Amino acid sequence: MASFRGVHRTPAGSNLTILALESNASVVGKLDQLIIGSDSTPADIATRLDVLRHTTAGAAGTAVVEKPDDPQSSAPACNLRGGTMTEPTYEADFLLEIPLNQRATYTWNANPGKELRTVVGTANGLGLRSVSSGATPNIGATFGWSE
Amino acid sequence: MVFLPKLLGTGGSFRIDRPEGPPIEGDTMQCVHCMKHWTVVPGSGRQRGWCLKCGGPLCGAEKCMKECVPFEKKVYGEAPW
């Protein structure tokens, strides 16, 4: 099992995906770390961020570089897509909700075996989405996952 | 549910670094049916559940409470979400 990391920044807003981990036809991605912060000028801006499962992958956006934790590791099977993009089709229920002040940095680590997993299939994946925001600060997100 | 995180292990942990005051740290637990994580708030009064088949916590959503379908089955396409 290899682990990888990817980083992307994009402005918050209403229902805008920051970063999405897209599954492979046969490989499941296991999201085990999430770091969220902002590099915008500090201000008291509240943003609601959800981690949701998607059933149709996003389109366009930014291809995010996926870095293996071990430089000797092979390339990842899953794909990372950064916003702003044509939004994926998300499920209604979120897997993790993070209401966050722009001044704060949020780090979440899953315990072994408790990661958020993608469903097999290239249309499926997990997205970090800015559901609502008081303004449009840059949101920087780091995904750490294994597969 | 107050002591369960310590007895059974949590689903994860979080830390919020903020400019004013010390960091806030806490645990999250994971639903064994839908994979959702939530912040553990002892004494919150929120009704959750426990699956006797899976031996793990439930988030409290109706679909998770009504039927036992472990998320491993859903992830690998053996059961619908």
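This talk walks through the fold of chain A and its interface with chain B in a predicted model.

Before I start, a word on conventions: residues are numbered from 1 along each chain as its sequence is written, and chains are lettered from A, with ligands numbered from 1, in the order in which they are written. Since the model is predicted, local features need pLDDT of at least 70 and side-chain atom pairs count only at pLDDT 80 or more, while totals for chains, interfaces and linings use all residues, and side-chain values use heavy atoms, with hydrogens and water left out.

Let me begin with chain A. Its secondary structure comes to 0 helices and 12 strands, where helices (H or I, at least four residues) and strands (E, at least two) are DSSP runs numbered from the N terminus. The radius of gyration of chain A is 14 Å, close to the 15 Å that the globule rule gives for 147 residues, so chain A is as compact as a globular protein of that length; here the radius is taken over C-alpha atoms, and the globule rule is 2.2 Å times the number of residues to the power 0.38. Taken along the principal axes, the C-alpha atoms of chain A fill a box of roughly 40 × 30 × 25 Å.

Two backbone details in chain A are worth checking on the screen. As background, most residues other than glycine have a negative phi, and most peptide bonds are trans. N15(A), in the loop between β1 and β2 of chain A, has a positive phi of about 55° although it is not a glycine. A cis peptide bond, with omega about 0°, joins G83(A) and T84(A), and T84(A) is placed in the loop between β7 and β8 of chain A.

Now to the salt bridges, defined as a side-chain nitrogen of Lys or Arg within 4 Å of a carboxyl oxygen of Asp or Glu. R9(A) lies in strand β1 (residues 3-11) of chain A and D39(A) in the loop between β3 (30-37) and β4 of chain A, so the pair ties together parts that are 30 residues apart in sequence. In chain B, R15(B) forms a salt bridge with D17(B), with the closest N and O atoms 3.0 Å apart.

That brings me to the interface. Chain B contributes 23 residues to the contact and chain A 24, contact meaning heavy atoms within 4.5 Å. Between them the two chains bury about 2,000 Å², 53% of it on carbon and sulfur atoms, where buried area is the accessible area (1.4 Å probe) that two parts lose on being put together, summed over both.

How many salt bridges cross the interface of chain B and chain A? The rule finds 1, in which the side chains of D93(A) and K63(B) meet at 2.9 Å, N to O. On the chain B side, β1 (12-17), β2 (24-30) and α3 (71-75) each supply at least two of the residues that touch chain A, and the largest share, 6 residues, comes from β1(B).

Strand pairing also crosses between the chains: 6 bridges join β9(A), residues 105-110, to β1(B), and the two run antiparallel. In this pairing Y106(A) has I16(B) as its bridge partner, and N109(A) stands opposite S13(B). Within chain A, β9(A) is joined to β3(A) by 4 bridges, also antiparallel, and N109(A) is there the bridge partner of Q33(A).

Key. Pairing = 2+ DSSP bridges.
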